[in-house]
There are 2 protein chains.
Amino acid sequence: MTVPSEHPKESGATGVPRHRVVIVGGGFGGLYAARALRRAPADVTLIDRQNHHLFSPLLYQVATAQLAPGEIAQPLRSLLRNQSNTQVLLGEAVDLDPGTATVRLADGASIPYDSLIVATGTRHSWFGHDDWEPLAPGLKTIDDALAIRRRILLAFERAERETDPDVRKAWMTFVVVGGGPTGVELAGALGEVARDALRHEFRAIDPTMARIFLVEALDRILPTYPADLSRRAAADLASLGATAMTSTRVTAITVDGVDTETGTGPEHLAARTVLWAAGVQVTPFGRAVATALAATTDRAGRIIVGPDLTVPGHPEVTILGDLALTPWQPGRPVPGVAQGAIQGGRYAGGRIVATLDGQTTPPFRFKDLGELATIGRLRAVADFRHFRIRGFPAWVLWLTIHIVWLIGFQNRLLVLVRWAWSFATRGRSNRLITGTPASEEPPS
Amino acid sequence: MTVPSEHPKESGATGVPRHRVVIVGGGFGGLYAARALRRAPADVTLIDRQNHHLFSPLLYQVATAQLAPGEIAQPLRSLLRNQSNTQVLLGEAVDLDPGTATVRLADGASIPYDSLIVATGTRHSWFGHDDWEPLAPGLKTIDDALAIRRRILLAFERAERETDPDVRKAWMTFVVVGGGPTGVELAGALGEVARDALRHEFRAIDPTMARIFLVEALDRILPTYPADLSRRAAADLASLGATAMTSTRVTAITVDGVDTETGTGPEHLAARTVLWAAGVQVTPFGRAVATALAATTDRAGRIIVGPDLTVPGHPEVTILGDLALTPWQPGRPVPGVAQGAIQGGRYAGGRIVATLDGQTTPPFRFKDLGELATIGRLRAVADFRHFRIRGFPAWVLWLTIHIVWLIGFQNRLLVLVRWAWSFATRGRSNRLITGTPASEEPPS
């Protein structure tokens with residue numbers, strides 16, 4: 001089916017207005033929903049504030065100088081170029097008017113819809129301490145990753161020039177807050193950067209002396225994994241110079257470091273680099289949608305959806321990915337991982353196609369594929385529910401799955417080259433400090 | 001020879017202070033000078049305000065979404081890691097005190113030298129119109145290239161959303177000022193982006209309708225090449241939708257476009273994207289060096305050096321690359337190209353080694369390897385002085401030479417993959433818009 005692009009709002013022959021699907025968000029949920037609509041007799045509009053789809057599971061590798069940004073991100077236009085019923089709009093959705101069935105963009109434009117799919121995901125939450133955000137940046141976008149990469153690399157540069165031993169030590173101390181998969185992978189990769197990639201490159205400091213602390217409020221890291229895998233992950237981290245501090249809450253973050261509270265009392269970690277991998281809240285547009293539809297949310301703002309992924313009372317509005325609280329097992333919603341968003345996107349697109357065809361669709365069923373996290377070279381933990389693996393076999397599986405799911409053949413090839421290279425040399429190639437000239441950064 | 005890194009200022013055994021070589025600038029000149037000093041009984045310090053060496057001849061390919069930044073840049077530390085007599089400092093040199101023989105950095109540090117090599121190159125000059133710089137950015141650093149890439153890609157995004165046909169046309173009009181190699185390669189690559197890479201990706205606009213103007217004040221583009229190659233380059237550009245406007249001077253640049261003056265009268269080019277590839281001036285540190293040493297300069301600030309590349313009256317200070325005006329042929333200095341800087345760097349390093357050994361060095365002799373510029377896929381022009389080639393053979397030569405000279409085996413491999421991919425698909429893979437969220441850019 002081809003639709004002349006000059007008349008996107010009607011099918012030329014009959015003059016009957018075509019069904020308009022608006023998708024907000026080009027992450028896993030939005031992209032897979034758009035793809036599922038590729039043959040639909042509908043006009044699809046995908047709106048995102050970035051021009052690219054991001055393979056977010058590998059974002060920590062950009063932040064730690066392993067991969068280049070372009071290797072895990074692809075222009076949405078390019079991914080959907082052959083889908084003639086679909087238009088990509090670069091724009092930021094800010095509000096929803098269910099009365100006129102329109103999405104309002106930041107530039108004032110109104111985009112009308114018959115079906116709306118919202119998949120704008122979540123961002124970090126600093127637990128009400130918004131002043132912590134500039135001191136402890138989170139990792140959600142390419143720009144976040146480049147800013148973190150810049151901080152990490154500059155910290156070693158500062159240490160090399162620093163003469164005060166205490167300040168030097170603080171430049172070589174890194175705190176990662178949040179012991180979920182992102183925090184664990186970030187801490188492990190940081191350990192490898194310090195111990196392998198930067199080794200022999202400095203004259204005044206020894207990068208292998210860098211200390212990394214992974215702070216987690218619960219009593220173990222990777223709390224959604226079985227306990228033995230949590231233990232294994234902590235041991236793997238320790239072998240990379242990263243210390244898991246569990247049952248530890250962050251009480252303050254300053255330019256000098258982190259104050260924590262453990263069972264035994266307060267502790268101060270003097271560190272010039274603090275990274276945030278904790279807390280979740282929905283995007284402002286997600287919140288606006290919930291308000292406009294008077295939808296029920298949890299404390300993080302996630303919208304509770306029905307078995308067909310739509311908002312109760314609003315069958316025309318679908319919520320996908322980690323913006324949605326999707327029923328799954330008793331007392332346990334679908335986890336906010338890529339697989340949940342991908343499966344939801346395919347379901348939502350397929351449901352619209354079926355509805356246009358006068359058919360009904362059975363409820364969404366999440367197929368749990370398990371969880372998988374890597375901790376540096378040769379090490380990973382995987383929980384496939386019926387069995388669990390760790391160490392080298394888990395690591396090979398991790399590599400394979402990520403290459404297979406990565407979008408774009410060229411990117412697969414380039415990432416394979418990067419990984420093979422790093423594996424052979426223990427080096428990191430993407431160590432550019434970009435932004436303002438690196439030397440002009442204020443010294444603290 | 002290994003030097004214990006803890007005692008970089010003396011050779012442990014004898015206690016005699018070692019000769020201190022300070023190199024400012026990690027471009028071609030500085031890097032090749034440092035490498036030539038790798039076995040010197042000296043302490044070498046390389047200072048740069050960026051943490052990476054940049055393969056600048058391919059910078060225009062980053063600006064036009066062909067290559068990723070990391071593929072043409074490598075950390076200086078990494079390139080010099082095995083050179084134990086050499087320390088890399090991330091810092092910005094701001095002034096020189098010949099009395100105490102020290103270089104002062106922006107952070108206040110003073111770095112003493114026995115031999116000083118200055119290779120900080122040039123940046124663009126806006127002919128006294130500094131207000132043009134934000135409107136017509138130049139292309140000297142990775143950050144410049146990413147800013148230009150962002151502008152180019154956003155221009156098409158704006159055009160897609162624009163309803164006023166005149167404004168839309170202005171968003172799809174690109175002006176490149178300066179018809180030297182950078183301007184020609186940039187204009188050609190822009191033509192390919194519009195005609196090939198973005199084709200079929202937009203619904204409201206046709207990117208192949210983009211117009212590109214290359215404005216040159218002299219009567220032909222590539223003025224340092226033989227006239228027939230200039231004509232060939234102009235014809236190649238025309239086939240990519242880029243128009244060479246020669247004998248045309250820029251008189252004003254505004255957000256709306258460019259005012260020009262030709263032989264026949266003034267003309268206004270309505271364009272929202274203007275790129276600057278004209279004019280040259282030395283860096284502020286280069287100017288400070290000239291002042292401190294009372295050196296003779298040309299109008300752009302280039303320092304006139306003697307046959308051994310040192311400043312007359314200051315045999316301890318060498319100037320390299322396009323910061324130097326190096327005697328060559330009568331009335332013609334060594335051109336400010338990569339080969340000049342590389343050969344100068346090797347000579348300067350070798351001369352210091354010889355001097356420390358009590359030997360003298362014959363004057364510098366520049367070996368002219370010719371000039372080479374590419375204009376899109378399959379097309380290039382090359383002038384090897386004794387013979388000249390163009391078209392497909394020149395293009396193959398261009399590819400080979402750039403791959404051979406590119407630093408780092410992994411980068412060669414990755415760039416080959418990128419080029420092969422683009423050649424096969426006519427696509428461009430590095431089309432991320434990064435910086436602030438792309439949609440939040442002010443609309444004009």
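**Stop one: the domains**

Start by colouring chain A as domain 1 (19–124 + 280–356) and domain 2 (130–277); these bounds come from an automatic or database domain assignment. You're looking at a predicted model, where local features need pLDDT of at least 70, side-chain atom pairs count only at pLDDT 80 or more, and totals for chains, interfaces and linings use all residues. Residues are numbered from 1 along each chain as its sequence is written, while chains are lettered from A and ligands numbered from 1 in the order in which they are written.

The C-alpha centres of the two domains of chain A sit 32 Å apart. Where they meet, 13 residues of domain 1 are in contact with 17 residues of domain 2 (C-beta atoms, placed from the backbone, within 7 Å). On the domain 1 side, the largest share, 5 residues, comes from helix 2 (residues 59–63) of chain A; helices are DSSP runs of H or I, at least four residues, and strands are runs of E, at least two, numbered from the N terminus.

**Stop two: a strand pair**

Next, select strand 17 (residues 273–276) of chain A: A:Thr273 and A:Leu275 point one way, A:Val274 and A:Trp276 the other, and all are buried (20 or more other C-beta atoms within 10 Å of their own, these atoms being placed from the backbone). Strand 11 (residues 173–177) of chain A runs parallel to strand 17, joined by 4 bridges; pairing takes at least two DSSP bridges. Opposite A:Trp276 you'll find A:Val177.

**Last stop: the other chain**

Now show both chains. How many residues does each give to the contact? Chain A gives 45 and chain B gives 45.

Note on methods:
Two residues are in contact if their C-beta atoms, placed from the backbone, lie within 7 Å. A residue is buried if 20 or more other C-beta atoms lie within 10 Å of its own, exposed if 12 or fewer, and partly exposed in between; C-beta atoms are placed from the backbone.
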